[in-house]
Amino acid sequence: DETYRVYGYEPGQIEVSNEVFYNAAHPDDRTRIGQALIEAIEQRKIYDIEHRIILPDGSERIIHCQAELVFDNRTGKPVKLLGTVQDITERKRAIDALRESENKFRMLVENTSEGLLQVDNDDRTQFINNRLCEMVGYSADELINKVWTQILLDDEGRDIIGEANGRRRKGISDRYETKLRKKSGELFWVIIGGAPIADAEGKIIGSMGVFSDITEKKRAEEQLLHDAFHDGLTGLANRALFMDHLRMTIERGKSRHSNSYAILFLDLDRFKVINDSLGHAEGDNLLKSIARQLESSMRTFDLVGRLGGDEFVILLSEMLDEGDAVQVAERIQNSLKNPFDLSGSEVFVTVSIGIALSTAGHKRAEDMLRDADIAMYRAKARGRAQYQIFDRSMHEHASKQLSLEIEMRRALERQEFLIYYQPIINLENESLVGFEALVRWKHPERGMIPPFVFIPAAEENGLILPLGNWILQESCRQLRRWQDDNPAASRLMVSVNLSCRQFLQLDLTEKIDATLRATGLDPRCLKLEITESHIMENSEMAVLIMNHLHALGVEISLDDFGTGYSSLSYLHSLPVDYLKVDRSFINRMTDSKENSEIVSTIIKLAHNLKMKVIAEGIETSEQLAQLKNLDCEYGQGYFFLKPLEAAEAEKFIKQNAENFSFIVNQTDAGFKWNM
Ligand SMILES: Nc1nc2c(ncn2[C@@H]2O[C@H](COP(=O)(O)OP(=O)(O)OP(=O)(O)O)[C@@H](O)[C@H]2O)c(=O)[nH]1
Ligand SMILES: [Mg+2]
């Protein structure tokens, strides 16, 4: 009955014959069937074949026939086949599908870009794919049945895998990162996706790992991390990293009292000049060279950082005593004595250093850095190229400066600044030639604040630029108005002090030109006073600026001559029109012969250099007489007149307008003007 069913008939539906079987066989399989039959007959063996048949409904099946031949005893000829027929279509299809999926899997394993590794519970390699072999540089033979952790990992990696294996044994799959060692010894990063392998009973017998090379990703991550904490230009620690280290050092210092530490705050002196003269790119090169120089003069456990601009910081975390910090500061200053080579130009650099010591007991890193900064500022104010150690009084000074700055900003807005005009007299005929413009601050609560209090502060905080501009504008405007009102005043001049920062402004000439145009003042009526220290710091640049100013028609006075460090020898190279002799020389000139000799020498020197002389601070008739004797051209001082408010000066001009030879009466107490 089963045979009928296999062939697609009801039992007994047809008469069974060889022909029926033969016809049902798939035409393509018939030759094979014939051959199998012949073999069975000739070799007297079992007829055993799988082949396709076509059922009466046209569908195709696969069958397995196993039959014995029955031979006629007499003739020895085969008479029939006795055996079984089985429909194996479903089983056949399942096996084919399995084979196909196995092939697919093998393809995948061999061609995947991931490394695959199967190990037993003793970490012996059971299977490794080509990709992983490629990654580690070993052949499969070198790894199969070997303990892979001994070959491909270092101690740290073995610890990581040990932990991972623990999780595998509990049946957990997960991912983790570790380094592998190549056959060449080189280490590289992988991420491993690990999964346990269980046998039929669910017992864990090993694990399978998928390895991906993440070296590039790791490198990018490390780069990112590095960039976040380092200065892009010099590669030094940046503010974030430096502050982090400082914080840790302060914390450590709280628990362990033996070690002292310090920070050094460095700012290059006049770095702007290098940028302006050699260009920003060379400025950058200099910053890089200085970074290397600082690193090389530090011990490995000191941290050098760059906060930005031309500011560097150093953390000395292991000091024996406070003297160490001073020694380091001196070493740095000495190491910068040699010039730097910037594309052929030799550049000398000095640096101002502020030191904050752990003994000051800072609790916060920010406070310690701020105090080192304050000390650095003090080093700048004291003339640069030196170091200063922070102490409390500096803090007070700095807070005062800060409140002064705030007040000055307000004063600028509220126009609390005034200009006083001090007459300058032609000594030969005692006539008025003009005024020196002097700024005063009329503070609403504190009254008059003298310039020596707020001008240095304004230099430090930069407010000197807006303030200086205002003084220039206002003096030019005022003089022009007086000239308009009194034609006789048309030859009066005004002399305006320029601060160092103003003088070194890149667009100074343009600004002055614009001011003259805006106020309509004749350039010959404006004189600019510059102190010698400005010029000393950058004499080439100073000469350049002075030449520009001369081109405008503006004359220049060298102020406070003799008080600074200027040597007489370089005076001849300066395009200066007037020399102002400082009041301290005039004060003392009648004391002794030597003192008057000094003034005499200065005046002769100026005359030799075709400069005219203005004596400051004339207070007595004796001084005036001596100066006249020495052919000093001009003078100013209380003996003539004190600085006048604008309204007073105006009245003075009006009342003496007919004749600018003002003198009415000269007494020992001074001049009596028409006022
Ligand atoms: N080349 C270069 N210059 C920079 C960079 N950052 C800031 N600067 C310049 O560095 C100068 C720093 O100025 P300061 O330190 O205030 O002034 P200085 O000219 O050094 O004068 P002192 O410090 O007062 O002696 C400014 O002119 C900035 O324009 C930088 O990354 N590269
Ligand atoms: Mg600087």
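Predicted model: local features only at pLDDT ≥ 70, side-chain atom pairs only at ≥ 80, totals over all residues.
**Figure 1. The site of the magnesium ion (ligand 2).** In sequence, the donor residues follow the spacing D-L-x41-D. The six donor atoms subtend angles of 78 to 178° at the magnesium ion (ligand 2), so the arrangement is octahedral. For six octahedral donors the ideal angles are 90 or 180 degrees.

**Figure 2. The largest cavity, with about 110 Å³ of space.** The structure holds four cavities of 30 Å³ or more. In the largest cavity, 14 residues form the lining, and Val119, Trp148, Asn165, Tyr176 and Ser207 lie nearest the centre. Strand E4 (115-120), helix H8 (155-169), strand E7 (187-198) and strand E8 (204-213) each supply at least two lining residues. E8 provides the largest share, four residues. By class, eight lining residues are nonpolar, four polar and two charged.

**Figure 3. The second largest cavity, with a volume of about 70 Å³.** Lining residues of this cavity include Val119, Asp120, Asn121, Asp123 and Asn165. Arg168, Arg169, Ile204, Gly206 and Ser207 also belong to the lining. E4, H8 and E8 each supply at least two residues of the lining. The lining of the second largest cavity divides into two nonpolar, four polar and four charged residues.

Terms used. Residues numbered from 1 in each chain as written. Chains lettered and ligands numbered in written order. Heavy atoms only, no water. Donors = N, O, S within 2.8 Å, 3.2 Å for Na, K, Ca; no water. Tetrahedral: all angles 85-135°; square planar, octahedral: opposite > 155°, others 65-115°. 1 Å grid on protein atoms, 1.4 Å probe; cavity = no way out; pocket = protein on both sides within 12 Å on 5 of 7 lines; lining within 4 Å. Points joined across faces, edges and corners; volume = space filled by probe spheres on them. Nonpolar A, V, L, I, M, F, W, Y, C, P; charged D, E, K, R; others polar.
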